[in-house]
Amino acid sequence: MRDAGARAAEAAEAERLAALIPRERAQYLVEAAEGWAAAGRTDRAGELFEAAIADGGHVVGDARTYYAGFLFDTGRPDQALSTLADLKRSRPTDPFAYVCAGEVLEEAADLDGALSWFTTGLAFYQNFDTADVVDDATLMQLLSSRQRVRRLLELPPDSWDDIASTAQAVLLADLTDP
């Protein structure tokens with residue numbers, strides 16, 4: 001694990017890159033915010049998350065999901081839930097945003113909320129099968145995360161859980177096949 005000084009240096013570098021590369025500014029601001037949070041500078045982290053959201057540029061998984069995670073981590077669950085509600089109303093077009101939002105809620109022990117995000121994210125995919133899942137990392141994450149949460153909720157497996165299990169077996173076989 002890197003120390004606070006190393007994380008602060010990484011955060012400062014990400015801020016420098018945000019200023020130099022405008023088309024990737026929002027992504028670098030999120031990376032800087034995460035670095036400052038890890039370095040213990042939550043004040044600076046909050047400012048940068050808000051700047052990334054205001055920027056409106058592309059962030060893999062959406063800046064609001066990372067900000068919501070930060071808000072949960074810093075003891076502001078109501079603000080985190082409000083941020084995720086804003087995200088949901090905006091109907092993100094990046095399926096990975098649904099993975100990130102679901103993971104944030106799962107970490108916050110809101111399993112029903114996590115399940116909802118993972119399931120909603122599957123709407124981006126039509127009539128998929130095992131081969132599609134094996135070839136698409138985001139689809140695999142949505143299905144696997146959904147399956148995990150459904151197990152935690154003690155729900156019986158459904159057809160999507162079956163596809164997830166089969167795809168996981170295929171990937172595992174590929175990894176262990178000499």
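Predicted model: local features only at pLDDT ≥ 70, side-chain atom pairs only at ≥ 80, totals over all residues.

User: How do α2 and α3 lie relative to each other, parallel or antiparallel?

Analyst: The axes of α2 and α3 come within 8 Å and cross at roughly 165°. Angles over 145 degrees count as roughly antiparallel, and α2 passes α3 in a left-handed crossing. The relation between α2 and α3 is therefore roughly antiparallel.

User: How many of the residues in the contact of α2 with α3 are nonpolar?

Analyst: On the α2 side the contact is made by Arg25, Ala26, Leu29, Val30, Ala32, Ala33, Glu34, Trp36 and Ala37, and on the α3 side by Thr42, Arg44, Ala45, Leu48, Phe49, Ala51, Ala52 and Asp55. Divided by class, the residues of this contact of α2 with α3 include one polar and four charged, while the nonpolar ones number 12.

User: Is aspartate 55 buried, partly exposed or exposed?

Analyst: Aspartate 55 lies in helix α3, which spans residues 42-55, and, leaving aside neighbours within four places in sequence, aspartate 55 is in contact with Arg25 and Ala26. Buried means under 20% relative accessible area and exposed means over 50%. Because its relative accessibility is 31%, aspartate 55 counts as partly exposed.

User: What separates the C-alpha atoms of aspartate 55 and cysteine 100?

Analyst: Along the chain, aspartate 55 and cysteine 100 are 45 residues apart.

User: At what angle do α1 and α2 cross, and how many charged residues does their contact hold?

Analyst: The axes of helix α1 (residues 4-20) and helix α2 (residues 25-38) come within 8 Å and cross at roughly 160°, so α1 and α2 are roughly antiparallel to each other. α1 passes α2 in a left-handed crossing. By class, the contact of α1 with α2 has 11 nonpolar residues and one polar residue, and its charged residues number five.

User: What is the relation of α9 to α10, oblique or roughly antiparallel?

Analyst: α9 and helix α10 (residues 159-176) pack at an angle of about 120°, with their axes 9 Å apart. The crossing of α9 and α10 is left-handed. Since roughly perpendicular covers 65 to 115 degrees and roughly antiparallel begins over 145, α9 and α10 are therefore oblique.

User: How many residues in the contact of α9 with α10 are nonpolar?

Analyst: Met140, Leu143, Ser144, Arg146, Gln147, Arg150 and Arg151 in α9 meet Trp160, Asp161, Ile163, Ala164, Ser165, Ala167, Gln168 and Leu171 in α10. The residues of the contact of α9 with α10 divide into four polar, four charged and, for the nonpolar class, seven.

User: Which helices are included in what covers the buried residues of α7?

Analyst: In helix α7 (residues 111-121), the buried residues are Gly113, Ala114, Leu115, Trp117, Phe118 and Gly121. What covers these buried residues includes α5 (77-90), α6 (95-107) and α9 (137-152).

User: Is asparagine 127 buried or exposed?

Analyst: Asparagine 127 lies in the loop between α7 and α8, and its phi is near 45°, a positive value in a residue other than glycine. Because its relative accessibility is 76%, asparagine 127 counts as exposed.

Methods
Residues numbered from 1 in each chain as written. Heavy atoms only, no water. Buried < 20%, exposed > 50% of the residue type's maximum accessible area, 1.4 Å probe, protein only. Helix = DSSP H or I, 4+ residues; strand = E, 2+ residues; numbered from the N terminus. Contact = heavy atoms within 4.5 Å. Axes fitted to C-alpha atoms, helices over the stretch in contact; angles between N-to-C directions. Parallel < 35°, antiparallel > 145°, perpendicular 65-115°, else oblique. Left-handed = near helix turned anticlockwise from the far one by under 90°. Nonpolar A, V, L, I, M, F, W, Y, C, P; charged D, E, K, R; others polar.
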